[in-house]
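Student: I have a structure open beside its sequence, and I would like to learn how to read its features one at a time. Could you take me through them, giving the general idea before each case?

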Amino acid sequence: MFIDVHCHLDKLIDEGVPTDKAIKNAKKKGVERMIVNGTDHEQNKIILDLAKIHKEVLPALGIYPIDALKLSESEIDEEIEFIKQNKDKIAAIGEVGLDLKEEELHKTLDKQKINLRKFVNLAIKLNKPAIIHSRKAELHTIELLEELNVKKVIMHCFSGKMSLAERIAKNGWFLSIPANSHYSQQFQDVIKRVPIENLLCETDTPYLHPLKKWPNEPANVIYSYKKIAEIKKMKLTEVELQIEKNFKSLLE
Ligand SMILES: [Zn+2]
């Protein structure tokens with residue numbers, strides 16, 4: 001089976017694509033599981049509801065770094081309590097991380113780190129993988145994760161230097177390759193430099209469509225698999241099996 005480890009089906013609904021349609025399209029391509037990542041409390045609740053109806057939906061609950069900045073310390077703690085209460089229904093903690101895309105976000109870095117520490121410690125406590133966003137803050141993110149000695153990590157859409165991609169793999173963590181690796185040199189380089197034992201595949205639906213259309217869908221995760229097969233000179237079925245093995249090792 002093919003697996004999309006990072007998508008936002010809840011946001012796809014807002015784009016006029018109902019979840020059952022997206023799942024049907026995905027299953028036609030052999031995509032049987034998708035980790036749907038929450039970005040705030042409302043989305044987290046929606047994702048839990050989606051998982052009740054669709055066995056293909058594996059929830060990851062978290063607060064996106066920029067959204068987390070809008071919350072007080074006690075609101076973050078309340079969300080962590082909420083996630084703990086739902087620990088048996090979830091596959092992962094995410095989407096969490098650090099974001100320094102805008103220059104002015106640099107002054108929020110300390111606060112972002114405090115928030116991320118809380119979510120990563122929660123992931124460790126619950127023995128769930130942490131799905132990590134690290135845009136323009138790759139080194140800060142890796143250093144924090146190393147300091148916390150977290151074992152189960154999925155670095156989503158990693159856009160940092162190749163030396164850092166290798167460091168992630170050396171740490172035994174995973175990098176999830178988005179479907180836009182179809183054209184993106186950055187992700188093709190990651191595929192080249194990182195052993196397949198450290199790769200997973202994702203779409204970041206509705207973003208990052210492999211053919212630069214809108215919106216993206218989990219069905220397109222197949223583009224990531226195909227690019228890995230091409231670069232690693234492997235059969236598609238070999239890639240499929242190895243990625244499934246990688247994925248299952250995280251859920252143990
Ligand atoms: Zn995302």
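Tutor: Let us begin with contact, since much of what follows rests on that term: two residues are in contact if their C-beta atoms, placed from the backbone, lie within 7 Å. Helices (H or I, at least four residues) and strands (E, at least two) are DSSP runs, numbered from the N terminus. In those terms, the buried residues of α2 pack against α1 (9-14), β2 (31-37) and α3 (41-53). Keep in mind that this is a predicted model, in which local features need pLDDT of at least 70 and side-chain atom pairs count only at pLDDT 80 or more, while totals for chains, interfaces and linings use all residues. Residues are numbered from 1 along each chain as its sequence is written.

Student: Which residues of helix α2 are buried, and which exposed residues does the face turned away from the buried side carry?

Tutor: A residue is buried if 20 or more other C-beta atoms lie within 10 Å of its own, exposed if 12 or fewer, and partly exposed in between, with the C-beta atoms placed from the backbone. An α-helix has 3.6 residues a turn, so residues three or four places apart point the same way. In α2, which spans residues 19-28, the buried residues are Thr19, Ala22, Ile23 and Ala26. These cover an arc of only 95° around the axis, which puts them on the same side of α2; the arc is that of the directions from the helix axis to the C-beta atoms. Asp20, Lys24 and Lys28 are the exposed residues on the face turned away from that buried side. After α2 comes Gly30, with a positive phi near 90°.

Student: What covers the buried residues of α9?

Tutor: In α9 (residues 185-193), Phe187, Val190 and Ile191 are buried. Seen down the axis, these buried residues fall within an arc of 100°, so they line one face of α9. Their cover includes α8 (162-170), β7 (174-178) and α10 (222-232), whereas the face turned away from the buried side carries exposed Gln185 and Lys192.

Student: At what angle do α6 and α7 pack, and how far apart are their axes?

Tutor: Two packed helices are described by the angle between their axes and the distance between the axes. The axes are lines fitted to C-alpha atoms, for helices over the stretch in contact, and the angles run from 0 to 180 degrees between N-to-C directions. Helix α6 (residues 109-126) packs on α7 (residues 138-148) at an angle of about 40°, and their axes are 10 Å apart. Angles under 35 degrees count as roughly parallel, over 145 as roughly antiparallel, 65 to 115 as roughly perpendicular and the rest as oblique; α6 and α7 are therefore oblique to each other. On the α6 side the contact involves Leu109, Lys113, Leu116, Arg117, Val120, Asn121 and Ile124, which meet His140, Leu144, Leu145 and Leu148 of α7. By class, the residues of this contact divide into seven nonpolar, two polar and two charged, where Ala, Val, Leu, Ile, Met, Phe, Trp, Tyr, Cys and Pro count as nonpolar, Asp, Glu, Lys and Arg as charged, and the others, Gly among them, as polar.

Student: Which residues of α5 meet α6, and at what angle do the two axes cross?

Tutor: The axes of α5 (residues 73-85) and α6 come within 11 Å and cross at roughly 15°. That makes α5 roughly parallel to α6. Ile76, Ile80 and Ile83 of α5 meet Asn115, Lys118 and Leu122 of α6, a contact with four nonpolar, one polar and one charged residues.

Student: Where are the cis peptide bonds, and which residue has a positive phi of about 55°?

Tutor: Most residues other than glycine have a negative phi, and most peptide bonds are trans. Here a cis bond joins Thr205 and Pro206, with omega about 10°, and another joins Trp214 and Pro215, with omega about -10°. Pro206 lies in the loop between β8 (199-202) and α10, and Pro215 is also found in the loop between β8 and α10. Asn127 has the positive phi of about 55° although it is not a glycine; Asn127 sits in the loop between α6 and β5 (130-133) and is exposed, with 11 other C-beta atoms within 10 Å.
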